Each structure stands twice: as structure tokens, then as C-alpha cells.
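Subject: Structure handover and findings

Dear colleague,

Please find below the structure that I am passing on to you.

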Amino acid sequence: MSEGNVAADQLRLFIERIERLEEEKKGIADDIRDVYSEAKSTGFDAKIMRQIVRLRKMETHDRQEMEAILDTYKSALGIA
């Protein structure tokens with residue numbers, strides 16, 4: 001096998017792996033959407049749940065800093 005064939009085979013394998021992973025990612029995204037839909041059907045607010053998931057991903061310090069700034073802005077605008 002020439003070097004060109006080896007490189008082409010490697011490239012094809014990489015592309016196929018990426019395609020499989022993209023397909024898995026789509027399946028997982030569909031599953032997540034189903035969970036939000038199920039939660040919504042039992043009375044939970046999916047938009048708020050998404051915000052909670054986003055907050056839980058944050059580092060504690062970053063979340064506290066964001067919340068402090070948000071509180072400051074809300075207070076300045078009389079939204080508190």
C-alpha cells in the first residue's frame with residue numbers, strides 16, 4: 001500500500017468515526033428534548049430547568065459572581 005492509500009484510509013476512518021459520533025450526539029439531543037417534554041407535561045417549566053442545568057455546570061465562584069452582578073443590575077433598575 002502506498003502512503004497515499006494509507007492516508008486516505010486514515011482520513012476515511014476519521015470521517016466515519018465523526019459521522020457515528022454526530023449520529024450519537026443527535027440521538028442524545030433527542031433524548032434530552034424528550035426528558036424536557038416529559039417534565040413539562042408533569043407541570044415543570046422547561047425553560048427554567050434549562051437555566052438550572054446551565055447554572056449547575058458553572059463553577060460555584062463564577063455562579064456567585066454572576067448572581068451578585070445580576071442582583072446589582074436588578075437593584076439599579078428597580079426590578080428586585
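What radius of gyration does the protein chain have, and what would a compact globule of 80 residues have? The protein chain has 22 Å, whereas a compact globule of 80 residues would have a value near 12 Å. Please note that this is a predicted model.

Overall dimensions and surface

Taken along the principal axes, the box filled by the C-alpha atoms of the protein chain is roughly 70 × 35 × 20 Å. Of the 80 residues in the protein chain, 4% are buried. The accessible surface comes to about 7,300 Å², and carbon and sulfur atoms account for 57% of that surface.

Secondary structure

The protein chain contains three helices and zero strands, and its pattern along the sequence reads α-α-α.

Helix α1 covers residues 3-41. With its 39 residues, α1 reaches 57 Å from its first C-alpha to its last, which is close to the 57 Å expected at 1.5 Å a residue. Gly 43 follows α1 and has a positive phi, near 105°.

Helix α3 covers residues 60-76. This helix has 17 residues, and its reach of 24 Å from first C-alpha to last is close to the 24 Å expected at 1.5 Å a residue. Just after α3, Gly 78 takes a positive phi of about 70°.

Individual residues

Which residues make the nonpolar surface patch of about 270 Å²? The patch is made by Leu 11, Ile 15 and Ile 18. Of these, Ile 15 is found in helix α1. Ile 15 counts as partly exposed because its relative accessibility is 40%, a value that lies between the 20% limit for buried and the 50% limit for exposed.

In helix α3, Glu 67 deserves a mention as well. Its relative accessible area is 33%, so Glu 67 is also partly exposed. How far apart are Glu 67 and Met 49 in sequence and in space? The two residues are separated by 18 residues in sequence, and the distance between them in space is 17 Å, C-alpha to C-alpha.

Yours sincerely,

A colleague

Note on methods:
Residues numbered from 1 in each chain as written. Predicted model: local features only at pLDDT ≥ 70, side-chain atom pairs only at ≥ 80, totals over all residues. Heavy atoms only, no water. Patch = residues over 30% accessible without salt bridge, like charges linked within 9 Å, V, L, I, M, F, W, Y side chains within 5 Å. Areas by Shrake-Rupley, 256 points an atom, 1.4 Å probe, with all protein chains shown as cover. Salt bridge = Lys/Arg side-chain N within 4 Å of Asp/Glu carboxyl O. Helix = DSSP H or I, 4+ residues; strand = E, 2+ residues; numbered from the N terminus. Buried < 20%, exposed > 50% of the residue type's maximum accessible area, 1.4 Å probe, protein only. Expected span 1.5 Å × (residues − 1). Rg over C-alpha atoms; globule rule 2.2 N^0.38 Å.
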